[in-house]
Amino acid sequence: MSDKKKLEGNTPENDNYRDEMDELVRIFKEELSKAQEEAEDNGFDADNLEVEGYDPKAVSLDESRRAEIDYEKYCDCCGERPRGTKKNPDSIFCEECEAILEKYPYDWKGLLAIVLVLGVVIFGIVNFAIDTPAFSYMKNGDKKLKENKLYSAISDYDSAEVCIEEEVREDYKNLYAKRISACYKAVDMGTVLSDLSYFSESNLKMPAFKETKEISEEIEFMQATMMAIQQHIDGIDANEYDKILAELESLSGKKIYEKNGSYYDETDTQYVPDGTEKVYICDEGWLNIYKYANAQSNNKEESVMIDFLEKAIGNTEYVDRVWSPILASAYVSTKQYDKAEALAVKLKEMNAEGIDDDLIMSMLYRYRDKDYQRAVDICIDGLNGLAELDDAYDLVGGVGYTLSMQKTLNFIMLGKYTDAYESAEECCTYQTDSLGSTDIQSRDLWAILAIATNNTEKYDELEAEIKDAGDYGIPFDKDVTDYKEGKITLEEIAMSGRYDIL
């Protein structure tokens, strides 16, 4: 027997059903009348509508003909066929419409209401998207974030924030959650910490902000570890490599307790946990970063430093993103070229708009392949890529200078010293404009190239700046004086690895 009910005769059930059908027709007619009135208000004239192959006047009824028609004899649904069916001659519907309505015995009023509500909602969303620039910027930012185009995503989120009135910005937590994610991946910790201030603990418990909570907890985790480390190594001479290493190793796997802004760890026998503290396990990533820094400052073998870096990667996303380029550079300097190239690929996946992969690949073409022109081209492509982004000025100055340095070194290897000088000037200018000062390697290489191109005026200017700085001035490195005295060549300087700034 069919699950669908057969509605025949004049049963109460049938009467209720037909009442609903009558109501459906009434609602439909009302909505149709409203639509027609709105169309007429907007200047729409169905009778005079011109469509190729169709003449509405030819098929429309004149006024006298309309008056002759007794609409009470026609189906209330289609209005075209006579009323009545074999089952019910008094039906207000025709045979075909009755069959359709019996086939779908649902609450048509509810269905129609749902359709109308959905239409209103969709209309509202579309109009909100069109009329609200903040929404548009946010959606663009979300798309870029999914594609790991971090710089563009951040720019869109920044633009969205500008569109929002300052007094209500704290209500747009979804915007800040997305920007926190993008900035954290782009290692912009300042913006991350600023945007996290919009979130309370109860906010972070909401499922919608799961990723924001994970980022917040990871930051707290790293902060607790660094505070514990500092408490252990403060006061130890930087040259005491073994002592510092022993202190760092003593924290491995240990619990860290945070209470009222103070930090204690399991090695502190004077502190007794009372169960009210936040508890963390010391982050192995940061422990190994400190071990790497300890080894570097004490001139340990590069293999030792690489070992610490490799152990640091894979613990927290932030450490991975900050230190992977340094590990890749270490692979290049130790001729582990395959590992360096594989890591360059991962760096591109981390940030499709970043330049760390270009940086590593330019080094590989110089050291491994001796293809200096290809290395130059990669640097130029990377800089052009940054220049095409919305925040080009800040990006080229803030991160692009590292590519300018690589370009300089490769121009040296090509014997194009004038181009190398101009590239070194570009590198230092980017740093000064964006960061306020230049690093020592960039300044020194610029001075060396000033000598190589007989630009004594620039060399004297750089030398005078050191003297004018007095005790704060950092003298030229030995490479500058050695080159000036003919003790070292430009090519030896370029291939020394001392100028591969990251």
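## A loop residue and its surroundings

Author: Asn-299 is exposed, with a relative accessible area of 70%. Exposed means over 50% relative accessible area, buried means under 20%, and partly exposed is in between, using a 1.4 Å probe and protein chains only. The model is predicted: local features need pLDDT of at least 70, side-chain atom pairs count only at pLDDT 80 or more, and totals for chains, interfaces and linings use all residues. Residues are numbered from 1 along each chain as its sequence is written, and side-chain values use heavy atoms, with hydrogens and water left out.

Asn-299 sits in the loop between H13 and H14. Helices (H or I, at least four residues) and strands (E, at least two) are DSSP runs, numbered from the N terminus. The phi of Asn-299 is near 55°, a positive value in a residue other than glycine. Most residues other than glycine have a negative phi.

H13 covers residues 284–297. Its 14 residues should span 20 Å at 1.5 Å a residue, and the end C-alpha atoms are 20 Å apart, which agrees. The expected span is 1.5 Å times one less than the number of residues. H13 is mostly covered, with ten of its 14 residues buried. Among them are Trp-286, Tyr-290, Lys-291 and Asn-294. What covers the buried residues includes helices H11 (210–233), H12 (241–250), H14 (302–312) and H15 (317–333).

Lys-370 lies in the loop between H17 and H18. Its phi is near 60°, again positive in a residue other than glycine. Lys-370 is partly exposed, at 46% relative accessibility.

Next comes H18, residues 372–387. Its 16 residues should span 22 Å, and its end C-alpha atoms are 23 Å apart, which agrees. Buried in H18 are Tyr-372, Ala-375, Val-376, Ile-378, Cys-379, Gly-382, Leu-383 and Leu-386. Seen down the helix axis, these buried residues fall within an arc of 160°, so they line one face of H18. The arc is that of the directions from the helix axis to the C-beta atoms. The buried residues pack against helices H7 (150–162), H17 (356–367), H19 (392–398), H20 (401–413) and H21 (417–435).

Ser-404 belongs to H20. Ser-404 is buried, at 0% relative accessibility. Leaving out residues up to four places away in sequence, Ser-404 touches Leu-383, Ser-423, Glu-426, Cys-427 and Tyr-430. Contact means heavy atoms within 4.5 Å.

Cys-427 is buried too, with a relative accessible area of 1%. Its sulfur is 5.3 Å from the closest cysteine sulfur, in Cys-428, too far for a bond. A disulfide is a pair of cysteine sulfur atoms within 2.5 Å. The whole structure has zero disulfides.

Lys-173, in helix H8 (residues 173–185), is buried yet has no salt bridge. A salt bridge is a side-chain nitrogen of Lys or Arg within 4 Å of a carboxyl oxygen of Asp or Glu. Asp-171, the nearest side chain of opposite charge, is 5.3 Å away. Lys and Arg count as positive, Asp and Glu as negative; His and the chain ends are not counted.

Buried residues make up 40% of its 502 residues.
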